[in-house]
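I opened this model to look up contacts, cores, surface and charge pairs, and I kept notes in the order in which I went through them.

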Amino acid sequence: MQTAGADAAPTTDRSAPAPRADIADARRAPQPWTWVTALLAGVLLAQLGTMMVRNPNFEWDVVARHLFDTRILHGLLVTCYLTILAMAIGVVFGGVLAAFRITANPVLRAFAAGYIWVFRGTPQLVQLIFWFSIALLMPKIGIGIPFGPVFWEADANAVITPFFAAVVGLGLHEAAYQAEIYRAGLLAVDEGQTDAARSVGMKPMTIFMKIRLPQAMRFIVPPTFSQIIGMTKATSLVSVIGGAELLFSAQEIFSDTFQTIPLLIVACIWYLVLTTVLNFFQYFIEAYYAKGATRAVPTNAGTWIARRVSRLRPRGRERTEANPK
């Protein structure tokens, strides 16, 4: 008969999880090259900060004086309007093009492919100038029956203002990119889940809304917000056709005062504010659709702030065995 003692075989606690390799790697002490690169980055940042503070040509007093100038704020509002309207066109029309791309109709597929080929293959600035100069191609713009009577007609120069041309040019250009983002997101969803839902009798629209779209949003949200941020900065191209957006407003001021660098810094500050706010919203939307996924939401300046704000929200009482509800 065996007795429990020193000669007994050791037992292992199977309930204790084994240490994961990735956690061990994450807790590993920093390598020497990490400290070297951190030191070099710190030196460069210190030199840059010293140069920005001591160089009088930055004229920070001028920056502070014009940061909330009425003309700058008006240009900022126009930039926001352009971004919202152009992205609305791009998101809606891009969804239509994506549906055409994955449909069984070869005519609609060819139309969507041709549209995406043209609008992604030509520069955005060229498209803006083209729409602003459409009066050279069509002096009159009208609505009517093809090859029949015209019900409404107007002078193209009166209709195609810089703002209108900017919205149309930016929106139609964005639609081509959004269509590919949608298509990539939908194709990333496993077809096996769609087949399983179809086998239990779910309708195609229900399958799309309940299964395909929620999972595709994990792949659609990050590049879409990148496009929104890119659109916010792309509105600066509208200054070429005379659109009164943020950069154009700054140009109007420094063309009178000849203080070019300070006014460009003012424009950069407001662009950074807008993109930081967009990053802030991206964090919450991406975190919502990332529920159940193994990947983590990437960190940047906006998401870092969003995470700190989310931690300030009061948490509910934790459930205990004595009070499970």
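I began with Gln124, which touches Leu170, His173, Ala234 and Leu237 when residues up to four places away in sequence are not counted, a contact being heavy atoms within 4.5 Å. Gln124 is found in helix H6, residues 124-132, where helices (H or I, at least four residues) and strands (E, at least two) are DSSP runs numbered from the N terminus. Gln124 counts as buried because its relative accessible area is 18%, and the classes I used are buried under 20%, exposed over 50% and partly exposed in between, with a 1.4 Å probe and protein chains only.

Before going further I noted that this is a predicted model, in which local features need pLDDT of at least 70 and side-chain atom pairs count only at pLDDT 80 or more, while totals for chains, interfaces and linings use all residues. Residues are numbered from 1 along each chain as its sequence is written, and side-chain values use heavy atoms, with hydrogens and water left out.

**Cores.** From Gln124 I moved to Leu170, which touches Ala86, Gln124, Leu128, Met231, Ala234, Thr235 and Val238, again not counting residues up to four places away in sequence. I then looked up the largest nonpolar core, which has 27 residues, and Leu170 is among those with the most contacts inside it, as are Leu82, Ala216 and Ile220. A core here is a set of buried Ala, Val, Leu, Ile, Met, Phe, Trp, Tyr and Cys residues joined through side-chain atoms within 4.5 Å. Helices H4, H8 (162-187) and H10 (204-234) each supply at least two residues of this core, and H10 gives the most, with eight residues. A second, separate core of 18 residues includes Val63, Ile72, Ile253 and Leu274.

**Surface.** Which residues make the nonpolar surface patch of about 380 Å²? Leu77, Tyr81, Leu85 and Phe163 make it, under a rule that takes residues with over 30% relative accessible area and no salt bridge, joining like charges within 9 Å and nonpolar side chains (Val, Leu, Ile, Met, Phe, Trp, Tyr) within 5 Å. Helix H4 (residues 70-102) gives the most to the patch, with three residues. Leu77 lies in H4 and is partly exposed, with a relative accessible area of 46%, and Leu85, also found in H4, counts as partly exposed at 38%.

**Charge pairs.** I next searched the whole structure for salt bridges and found four, each being a side-chain nitrogen of Lys or Arg within 4 Å of a carboxyl oxygen of Asp or Glu. The side chains of Glu180 and Arg101 meet in one of them, at 3.5 Å, N to O. This pair links distant parts of the chain, with Glu180 in helix H8 and Arg101 in helix H4, 79 residues apart. Glu180 is buried, with a relative accessible area of 16%, whereas Arg101 is partly exposed, with 26%. Arg101, Glu180 and Arg183 are linked in a network of salt bridges.

Arg71 forms a salt bridge with Asp69, the closest N and O atoms being 3.5 Å apart; Asp69 is buried at 15% relative accessible area, and Arg71 counts as partly exposed at 38%. I also noted Asp195 and Arg198, whose side chains meet at 3.0 Å, N to O, and which both lie in helix H9 (residues 191-199), three residues apart, about one turn of the helix.

Technical notes. Areas by Shrake-Rupley, 256 points an atom, 1.4 Å probe, with all protein chains shown as cover.
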